[in-house]
Amino acid sequence: MAQSSDISQTSLSGGHQVAQFLKNYYIYFVLVGVVVLLSVANLDRYDLFERGNFLYDKNIINILRISAPLLTLAGAFTLLMVSGYIDLSVGSAMSLSAVIYAMLAINGVPFLPAFALTVLAGVGMGLINGFLVVRLKITPVIATLITLSLFKGIALLLVQDGVSAIKSGGGLKMPVWFNSYGREAVWLGLPMAFWIAVVVTIALVVAQNRSLLGKYAAATGGNPTAAKLSGINTSKVVIWLYVLVGVSAALAGIARSSFMSLGDPLSGDGMELSAILVVLIGGTAFSGGEGRVLRSFIGALIIMALTIGMLTLVPAYYQTLVIGAALLAAAASNHLVSRKETAS
Amino acid sequence: MTVTANIGRSLSDDRRKMSDEAFITLLVASVAVGLFLFASLLVPNFFQLLNMLNLVTNNWAVISLGIGVSFLLVSGNFDLSVGGIVALSGVLSVWFAQATGGANALSTGLGLPYWLAITCALGGALAIGALNALFVVKFRIPSIIVTLGTMMLARGIAQVVTQGSQRNTNLPDEFGVLGNMTMFDTSVKLPVAFMLILLLIAIFIERKTVFGRLTYWIGANPIAASLSGIDKEKHVTYLYLFSSLIAGIVGILLASEFKSGYSNRGTLMEFDALVIALLGGVAIAGGFGSVVGMFFGAVILAIVTSAATGMVLSPDWQYILKAIAVFLAIVTQTWALARRNR
């Protein structure tokens, strides 16, 4: 897909080239714009890199640490939406993974096995979604609404009555290593969870550009019938993509649970909305067939910078309003861009 | 599946006495009755007239929302914004009606007379509905994404107005009347009567009016509907406005019942409204389903959740039960229709 857009670029006229350039790179301008806005807004009180302003290095590190779950999710979610499907259960899958991971850790399972088992649970959740959608042919929205309820219910049941989350207490103690995955700096001041998100994203960028999975996902979303007729096993592609999303949700759950040092069965609530928002900001067409993993990653950075950076400017209760407005604005601008294309 | 079902129905209308819709509604109703009897065996004191009535009256809000949501689903569109609108209109009605000059920001309102306050609150609800229609009809953005966005927008405004908590002081006396008033010298409260009247109107519109039948046409085959000269855009716009109006009234009644505007009121109501429509056999692909079916879907959900509470299961079980109920409902309905139309 990258190659085809290169070819079309060279053959287009100047005006189209600018439009194409804007379409491919606008997201970086938005990111720079948000960062500039947030750092300038507090300049009257703090210097540019001073503690309290947005660009203070510890603030940036903190935002990136908190962003790890969403950054991990963005890539796989993009590929799924590119293929024309949706997963509303990611938030619950993330909560359930966080609870499973914390339960394993608090009961004495070491880091690596706990990590691996949680990822395996993510594979299972993805397979359930894939099974409902592909084999039982339940509409993706309904199928994943069912699993949203199911995963959330299991997560809530795993946590004992009377406690809000899995945490130290009642004779059990969280191991010391538990929060190092989400908090302890391993490189450039950033923790493992963030670097895993980067690795996942790079792998998915490569998969999208260089592997058959990326091409098949785009084909499935662009024109499912044509894809099927040209011999692509679309059912298999879709199941794979749901599994990828499930694994990403599990990784996101591990990151969140490690960062907060507890297994909270509600920690992933609303994550499906953030994921949709991020993918839309990244310019993925909701009809499927188009979208880039990297742009969604940048979209996730924008949203996290905005929601956390905003806290220094307005009270926290403005967050829902801003996210809702951003979602509608992203949807509207996507619409305008795609309409211009079909018109020209 | 729905398309074939519709074709099957139109081809065989003269041969069969019962339409597929009536068949599914009957199926859902018998499941509801069966579940009630089953739950009566398991749960002590479940089999009582009062309990049967409570199953319906306790859920007046979700059933009312379900009417607007069902009509939209039949036309092939989602409306997930209703929960947000419930919060918004309730909070707005409180804010507008609160007297000026309270002790702090949360107890100071605009001091409008109550009738004007609720009219303006309904205006706010309709504005969200109009926004839904604008994005879905004019911009052609998938309704699920639009209404998720407006759900957050509406709740977001409610949170800003209440500063993330609630407004419940400095209200005029008549504020608590609507939500707690009883009707016709019985213990039937106004909100329940509102739901019953709304149900009757909805069934009439669905069965006996051109508007109702057009909704099915649009959902069953949008392209054919457009080609045969139906103004689809206007129709769906009306449906979104109706749905938001119902949600607005529900929000105002709830705010009046509790005498407070709470920004988290109605959380997850949009999902419950969707769930009862699905349980009642409304097809998500559009063109199929009925308000009566939705009503029995609500009864099923109520039985499942209240029976679980009666069996002293942890309330956390309701999520899993909901998931299983929707899953079974969808699978059985698909299976039953496929078998019938074979």
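**Chain contact and helix packing**

In this predicted model, the contact between the two chains draws on 34 residues from chain A and 37 residues from chain B. Putting chain A and chain B together buries about 3200 Å², and carbon and sulfur atoms give 85% of that area. On the chain A side, a trio stands out: Leu157(A), Tyr317(A) and Leu328(A) supply 20% of the area that chain A buries against chain B, more than any other three residues. As for salt bridges between chain A and chain B, the count is 0.

Over all chains, though, the tally comes to 5 salt bridges. Chain B has one between the side chains of Glu233(B) and Lys138(B), at 3.4 Å from N to O. This pair ties together distant parts of the chain, with Glu233(B) sitting in helix H12 (residues 232-258) of chain B and Lys138(B) in helix H6 of chain B, 95 residues apart.

Helix H6 (residues 114-138) of chain B also packs against helix H5 (residues 82-97) of chain B: their axes come within 8 Å and cross at roughly 150°. Angles over 145 degrees count as roughly antiparallel, so H5(B) is roughly antiparallel to H6(B). The crossing of H5(B) past H6(B) is right-handed. From H5(B), the contact uses Ile85(B), Leu88(B), Ser89(B), Leu92(B), Ser93(B), Phe96(B) and Ala97(B). H6(B) answers with Tyr114(B), Ala117(B), Ile118(B), Cys120(B), Ala121(B), Gly124(B), Ala125(B) and Ile128(B). Sorted by class, the contact of H5(B) with H6(B) has 12 nonpolar and 3 polar residues, with no charged ones.

How values were computed
Residues are numbered from 1 along each chain as its sequence is written. Chains are lettered from A and ligands numbered from 1 in the order in which they are written. This is a predicted model: local features need pLDDT of at least 70, side-chain atom pairs count only at pLDDT 80 or more; totals for chains, interfaces and linings use all residues. Side-chain values use heavy atoms; hydrogens and water are left out. Axes are lines fitted to C-alpha atoms, for helices over the stretch in contact, and angles run from 0 to 180 degrees between N-to-C directions. Helices (H or I, at least four residues) and strands (E, at least two) are DSSP runs, numbered from the N terminus. Angles under 35 degrees count as roughly parallel, over 145 as roughly antiparallel, 65 to 115 as roughly perpendicular and the rest as oblique. A crossing is left-handed if the near helix is turned anticlockwise from the far one by less than a right angle, and right-handed if clockwise. Contact means heavy atoms within 4.5 Å. Ala, Val, Leu, Ile, Met, Phe, Trp, Tyr, Cys and Pro count as nonpolar, Asp, Glu, Lys and Arg as charged, and the others, Gly among them, as polar. Buried area is the accessible area (1.4 Å probe) that two parts lose on being put together, summed over both. A salt bridge is a side-chain nitrogen of Lys or Arg within 4 Å of a carboxyl oxygen of Asp or Glu.
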